[in-house]
Amino acid sequence: METVTLNNGVKMPKAGFGVFQVKDEAQCTQSVLDAIDAGYRLIDTAQSYGNEEAVGKAIAQTSVPREELFITTKVWISNYRYEKAKQSVLDSLKKMNLEYFDLVLLHQPFKDYYGAYRALEDLYKEGKIRAIGVSNFYPDRLVDLCLDAQIVPAINQIEVNVFNQQIEAQKWNEKYGVQVEAWAPFAEGRNNMFTNPVLQEIGDQYHKSIAQVILRWLVQRNIVPLAKSVKKERMEQNIDIFDFELSEADMKKIEALDEKKSSFFSHYDPATVEMICGLKR
Ligand SMILES: NC(=O)c1ccc[n+]([C@@H]2O[C@H](COP(=O)([O-])OP(=O)(O)OC[C@H]3O[C@@H](n4cnc5c(N)ncnc54)[C@H](OP(=O)(O)O)[C@@H]3O)[C@@H](O)[C@H]2O)c1
């Protein structure tokens with residue numbers, strides 16, 4: 001698996017597998033085992049997904065050694081403030097039966113994320129986490145945090161797909177050495193993503209599916225995509241993106257699809273902030 005090198009020297013796979021909304025425990029464990037078998041090494045879970053134990057079971061069962069895997073979790077808002085965040089990461093380690101995480105992110109930029117970030121910095125220094133970062137930090141909050149952090153985030157995991165390309169946001173992340181990860185690269189199939197004629201025409205030229213075109217486009221933009229599927233043949237397809245290269249002309253055609261707006265919600269909208277902060281996790 002090709003890798004990117006994070007701002008602290010840690011190497012991370014160039015594409016990852018996510019388990020958001022895979023709630024059934026047995027299905028989640030099997031999906032992670034299938035994903036590892038298909039070639040994935042980066043697995044992305046979160047405290048709020050309620051499946052850390054199920055992912056941990058797959059890590060215990062696979063024959064792939066722990067050090068070849070790259071395991072990410074995220075701290076939910078209800079665990080923010082220094083002490084609670086620190087304890088929650090230790091609890092997540094216990095749930096997953098792990099000695100360390102490769103990456104821990106703050107899931108959302110709301111409430112006491114500074115306290116929670118200090119906890120990640122300390123866990124990093126104590127060797128419990130190999131890299132720390134954030135998620136859903138749009139440029140204003142990201143820059144604010146980078147200017148105050150002792151350890152600049154290694155990662156910012158944000159929504160990126162062909163309809164919400166985050167070109168300006170990526171520039172701000174790169175200015176501070178923060179690697180962008182893309183969540184929901186398929187926008188969970190919204191906006192007829194999987195039947196888009198422009199993507200279909202491009203895919204036909206390379207004998208690749210629309211999903212592969214999207215993931216390859218992200219990799220070529222130096223963004224690490226996280227894709228979810230519970231179907232093994234789709235996992236195999238979604239990781240099989242390293243044997244072709246989209247031409248500059250095709251990259252431009254995809255760039256023209258940008259609508260510069262979320263397929264889900266805006267983190268700048270006060271009603272969204274209320275909604276996310278009110279979610280019971
Ligand atoms: N940080 C955050 O706030 C945040 C938010 C959302 C997501 N994430 C992360 O990003 C990961 C991916 O995002 P997501 O799960 O929301 O959505 P996604 O990966 O954009 O889309 C998943 C959907 O696409 C389908 N699919 C997958 N591969 C396909 C293929 N090759 N052809 C056709 N359909 C395909 C899946 O169906 P099947 O499963 O039936 O194949 C599923 O319905 C998550 O699992 C999570 O790790 C993070």
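This is a predicted model: local features need pLDDT of at least 70, side-chain atom pairs count only at pLDDT 80 or more; totals for chains, interfaces and linings use all residues.
Reader: Which residue stands opposite Ile-155?

Author: Gly-133 does.

Reader: How does the chain get from S7 to S8?

Author: Through helix H5 (residues 139-148). This β-α-β crossover is right-handed.

Reader: And what pairs with S8 over five bridges?

Author: Strand S9 (residues 179-183), again in the parallel sense. Ala-182 in S9 is the bridge partner of Ile-158. Helix H6 (residues 167-175) carries the chain from S8 to S9, and that β-α-β crossover is right-handed.

Reader: Why is S8 largely enclosed?

Author: Because five of the five residues of S8 (residues 155-159) are buried.

Reader: Switching to rings. How many aromatic pairs?

Author: Eight. One of them is Phe-17 with Tyr-40, tilted, at 5.4 Å centre to centre and 45° between the planes. Phe-17 is in strand S3 (residues 16-18), and Tyr-40 is in the loop between H1 and S4, 23 residues apart.

Reader: Is Phe-17 buried or exposed?

Author: Buried, at 1% relative accessibility. Tyr-40 is also buried, at 1%.

Reader: Why is the pair of Tyr-138 and Tyr-268 tilted?

Author: Because the planes are at 50°, with the ring centres 5.9 Å apart. Tyr-138 and Tyr-268 are 130 residues apart. Tyr-138 is buried, at 11%, whereas Tyr-268 is exposed, at 53%.

Reader: Which residue lies over the face of Tyr-100?

Author: Arg-66, at 4.0 Å from the ring centre. The charged end of Arg-216 sits over the ring of Phe-244, 5.9 Å from its centre.

Definitions and conventions
Residues are numbered from 1 along each chain as its sequence is written. Side-chain values use heavy atoms; hydrogens and water are left out. Buried means under 20% relative accessible area, exposed over 50%, partly exposed in between (1.4 Å probe, protein chains only). Helices (H or I, at least four residues) and strands (E, at least two) are DSSP runs, numbered from the N terminus. Two strands pair if DSSP finds at least two bridges between them. A crossover is right-handed if, with the strands pointing away from the viewer, the path from the first strand over the helix to the second runs clockwise. Rings of Phe, Tyr and Trp (its six-membered ring) pair if their centres lie within 6.5 Å; planes under 30 degrees apart count as stacked, over 60 as edge-to-face and the rest as tilted. A charge sits over a ring if NZ of Lys or CZ of Arg is within 6 Å of the ring centre and within 35 degrees of the ring normal.
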